[in-house]
Amino acid sequence: MRIYTNLSRLSKYKSETPNEREMSMLSVAGALALSSNCTPHKVGAVVFKRNRVLARGYNRLGGHPFQHRWNQKGATLHAEMHALLLAHKDREDVEGADIAVSRWAKSGTDGCSFPCNHCLPALQYSGIRNVICFSDNHVPVKVKISCD
Ligand SMILES: [Zn+2]
């Protein structure tokens, strides 16, 4: 039986209910996810600081070499990494920013969208403070990932 580990990973962090602005960023991330060419999971991500969007990303097949070593089959660039790379390319300061991540599962429903074990440290090292995402039971949550 496959155990979905995101629930236990999420429970390690402090979480709260997102506010209206954060919920709208989560909706934008959901719309962006539909641009993905990845069939099993379509993921969208928006890096934002208060009302300002710094970068948008979505997951895509045939990804960045950065991700190849972790994805053995069907390498994809994850939405969070895509957004971070675009933010850095545009010289945006992501320190103290938040990221909204939404995922569409193959079934057409939104699944848990907490970042994977590879994206999470990249977000933390970049100075991202909170992740706004869906929990395993499809509840929108704001999860504090910064260590301060
Ligand atoms: Zn990831």
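## Basis of the description

Two residues are in contact if their C-beta atoms, placed from the backbone, lie within 7 Å. The model is predicted: local features need pLDDT of at least 70, side-chain atom pairs count only at pLDDT 80 or more, and totals for chains, interfaces and linings use all residues. Residues are numbered from 1 along each chain as its sequence is written.

## The sheet

An open sheet is formed by 6 strands in the order β1-β8-β7-β6-β2-β3, with mixed pairing. Its edge strands, each pairing on one side only, are β1 (15–16) and β3 (52–58). Strands (E, at least two residues) and helices (H or I, at least four) are DSSP runs numbered from the N terminus, and two strands pair if DSSP finds at least two bridges between them.

Strands β2 (residues 41–49) and β6 (residues 98–105) run antiparallel and are joined by 8 bridges. Within this pair, V43 stands opposite R103 in β6.

## Helices on the sheet

Helix α2 (residues 20–33) packs on the sheet, where it touches β2, β3, β6, β7 (130–134) and β8 (140–144); its direction makes about 140° with that of β2. Helix α4 (residues 79–89) also packs on the sheet, touching β2, β3 and β6, and its direction makes about 130° with that of β3. Axes are lines fitted to C-alpha atoms, for helices over the stretch in contact, and angles run from 0 to 180 degrees between N-to-C directions.

In α2, the buried residues are M25, L26, A29, G30, L32 and A33. They fall within an arc of 160° seen down the helix axis, so they line one face of α2; the arc is that of the directions from the helix axis to the C-beta atoms. A residue is buried if 20 or more other C-beta atoms lie within 10 Å of its own, exposed if 12 or fewer, and partly exposed in between, with C-beta atoms placed from the backbone.

## The nonpolar core

A nonpolar core is a set of buried Ala, Val, Leu, Ile, Met, Phe, Trp, Tyr and Cys residues joined through C-beta atoms within 7 Å. The largest one has 35 residues, of which A45, V46, V47, I99 and A100 touch the most other members. Leaving aside neighbours within four places in sequence, A45 is in contact with A29, G57, A79, E80, H82, A83, I99, A100 and V101.

## Tyr13

Y13 lies in the loop between α1 (6–10) and β1. Because Y13 has 16 C-beta neighbours inside 10 Å, it counts as partly exposed. Beyond its neighbours within four places in sequence, Y13 is in contact with V143, K144 and I145.
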